[in-house]
Amino acid sequence: MAEETPKEKGINVGIGEYHVGESLMTSIGLGSCVAVVLHDSRRSTGAVAHVMLPESNGKSDRPGKFADTAIPALFDELIKLGSNKRDITAKIAGGSSMFKQFKGNLDIGGRNVEAVKTALENCRVNLVAEDVGGSFGRSITYDPKKSGKILVRRADGTCKEI
């Protein structure tokens with residue numbers, strides 16, 4: 001069995017980070033965090049952010065960390081690369097409630113999902129698929145060159161393509 005080169009393994013988008021391009025991208029260890037994928041179907045390119053918290057409260061040093069800064073950053077980067085607004089769609093995964101006793105304002109996963117959806121609406125990006133909620137972790141693999149499909153691996157042992 002041949003060893004995978006780093007290019008074949010893809011680029012891992014860590015907590016609070018984002019990446020834009022044509023390469024295979026992964027984001028692992030999504031608990032209450034949300035992976036946001038913006039895909040340009042015409043150019044077969046895209047972007048992934050590993051959103052950790054719903055609101056930046058004015059902080060701008062790590063735009064990928066917050067829902068209200070990550071989505072505009074991804075969107076603007078794709079536009080700079082030549083994407084057309086109407087070709088960009090979104091998919092999201094994550095947003096689990098890792099501790100059942102956490103409800104309301106302490107449910108960071110639920111708040112992250114709502115903040116991501118609001119930011120997508122503000123940028124007028126259509127959310128076309130999601131795998132969110134529950135009480136288990138997830139990891140995603142996204143290859144912009146494969147029609148924007150995302151493989152979601154859940155910590156409960158199941159896999160799903162969105």
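The model is predicted, so local features are taken at pLDDT of at least 70 and side-chain atom pairs only at pLDDT 80 or more, while totals for chains, interfaces and linings use all residues. Residues are numbered from 1 along each chain as its sequence is written, and side-chain values use heavy atoms, with hydrogens and water left out.

Helices (H or I, at least four residues) and strands (E, at least two) are DSSP runs, numbered from the N terminus. With 14 residues, α2 should span 20 Å at 1.5 Å a residue, and its end C-alpha atoms do sit 20 Å apart, in agreement; the expected span here is 1.5 Å times one less than the number of residues.

Buried means under 20% relative accessible area, exposed over 50%, and partly exposed in between (1.4 Å probe, protein chains only). In α2 the buried set is A67, T69, A70, I71, A73, L74, F75 and L78. These residues pack against β2 (18–21), β4 (34–40), β5, β6 (88–94) and α3 (108–122), where contact means heavy atoms within 4.5 Å. After the helix comes G82, with a positive phi near 110°.

Now for the loops. Most residues other than glycine have a negative phi. N57, though not a glycine, has a positive phi of about 50°. This residue is found in the loop between β5 (45–51) and α2 (67–80), and its 67% relative accessibility makes it exposed. S147 is another non-glycine with a positive phi, of about 60°. It lies in the loop between β8 (138–142) and β9 (150–154), and S147 counts as exposed because its relative accessibility is 60%.
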